[in-house]
Amino acid sequence: MRKIALEEHFTTPELAAYVARPTQSDALFADVERRLADFGALRLDMMDRTGIARMVLSVTTPGVQGVRDTLEAIRLARNANDFLAREVSKRPDRYAGFAHLALQDAEAAGRELERAVRELGFCGALINGQTNGHYLDEDRYLPFWERVEELGVPVYLHPGAMADQPAMFAHRPEIGGPIWAWTAETAAHALRLVLGGTLTRFPGVRIILGHMGETLPFLLWRLDSRRQFDLGETLPPEALPSAIIRRSIKVTTSGVCDPTALAATLQALGEDNVMFSVDYPYEDPDIAAAFIDAAPLSEEVRAKVCHGNAERLLGL
Ligand code: ZN
């Protein structure tokens with residue numbers, strides 16, 4: 001089945017110092033770095049082999065969100081977007097771009113998103129989690145969300161490192177990484193947008209979560225049920241978290257090649273809200289492609305998951 005993949009990463013020579021290291025193995029990491037820097041045969045041959053017609057590319061975590069100096073982060077983000085635009089222009093049939101943004105400055109991030117969408121032809125943005133301890137439901141980001149809604153492009157909320165390491169991860173560094181903490185962090189970040197009112201205030205905004213929705217599709221009933229005990233002040237009492245999630249959040253299959261999780265997610269969110277992705281080069285594209293090609297789905301639903309939903313959402 002023809003596929004579009006949208007959690008697929010790269011880096012630039014300038015951002016090489018801002019690549020998170022998810023493995024202790026030098027050999028594994030060297031291979032990841034080689035693949036992140038490649039836009040040629042290594043990536044294209046893999047895409048041909050696995051039926052990935054098109055990749056929407058994004059800067060790997062943390063990118064400029066790991067830069068302390070705001071002006072430097074803004075400069076590097078702009079360079080990264082220009083770099084990606086040049087690569088996409090060489091193979092516009094195979095690649096597309098998500099903007100890389102310096103969320104240290106919400107107004108500047110909004111302006112850069114507009115430039116990336118209107119001038120560079122990008123189809124949204126990918127954000128690598130929190131930035132210097134700030135989360136996207138904070139008031140400082142209101143100008144950014146206004147711009148996102150106006151442009152009508154989705155924002156992929158991708159894992160990044162936690163701002164600090166809570167005591168529950170003490171002496172268990174493996175739990176503090178992609179195996180669990182990145183999921184917990186990203187799900188909590190998305191819930192801040194749901195319960196904090198961002199997605200109610202900006203009903204046109206569409207968020208994409210990877211990793212089969214970072215556990216949220218499996219928690220819809222509980223989110224609605226427990227919210228009765230803690231209404232907070234930001235949502236009207238009748239607003240159900242599950243309804244906001246079903247309307248505003250789309251998910252990808254990146255890094256979760258499990259037919260049971262896929263079936264549950266399709267049932268929880270609906271067949272128009274789930275999209276194929278790999279999370280290249282951190283996950284194996286052959287495994288991801290074989291998984292979706294063989295998943296027990298009707299051919300109509302498989303086509304939606306593999307390419308139709310992404311085409312519609314991203315205007316590809
Ligand atoms: Zn990723």
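Good morning. I begin with the lining of the largest cavity, which by class has seven nonpolar, three polar and no charged residues. Please bear in mind throughout that the structure before you is a predicted model.

How many cavities of 30 Å³ or more does a search of the whole structure find? The search returns one. The space in the largest cavity amounts to about 50 Å³. Its lining consists of Phe10, Ser58, Val59, Ala80, Asn81, Leu84, Phe98, Ala99, His100 and Leu126. Two elements, β2 and α3, each give two or more residues to that lining. Which of the elements gives the most? That is α3, with three residues.

Three strands make up an open sheet, ordered β1-β2-β3, with parallel pairing. At the edges are β1 and β3, the latter covering 95-97, and each of these pairs on one side only. From one strand to the next, the twist averages 30°.

Consider the two pairings in turn. Strand β1 and strand β2, residues 52-59, are paired in the parallel sense over six bridges. Within this pairing, Phe10 is placed opposite Val59 of β2, and both Phe10 and Val59 also belong to the lining of the largest cavity.

Is strand β1 largely enclosed or open? It is largely enclosed by the rest of the structure, because eight of its eight residues, 3-10, are buried, that is, under 20% relative accessible area. In general terms, the side chains of a regular strand alternate between the two faces of the sheet.

Helix α2, residues 41-50, lies across β1, β2 and β3 and runs at about 135° to β2. Helix α3, residues 70-90, packs on the sheet as well, where it touches β1, β2 and β3. The direction of α3 makes about 160° with that of β3.

To close, I return to the cavity. Among the residues of its lining are Ala80, Asn81 and Leu84, and α3, the helix that packs on the sheet, is the element that gives the most to this lining. Thank you for your attention.

Note on methods:
Residues numbered from 1 in each chain as written. Predicted model: local features only at pLDDT ≥ 70, side-chain atom pairs only at ≥ 80, totals over all residues. Heavy atoms only, no water. Buried < 20%, exposed > 50% of the residue type's maximum accessible area, 1.4 Å probe, protein only. Helix = DSSP H or I, 4+ residues; strand = E, 2+ residues; numbered from the N terminus. Pairing = 2+ DSSP bridges. Axes fitted to C-alpha atoms, helices over the stretch in contact; angles between N-to-C directions. Contact = heavy atoms within 4.5 Å. 1 Å grid on protein atoms, 1.4 Å probe; cavity = no way out; pocket = protein on both sides within 12 Å on 5 of 7 lines; lining within 4 Å. Points joined across faces, edges and corners; volume = space filled by probe spheres on them. Nonpolar A, V, L, I, M, F, W, Y, C, P; charged D, E, K, R; others polar.
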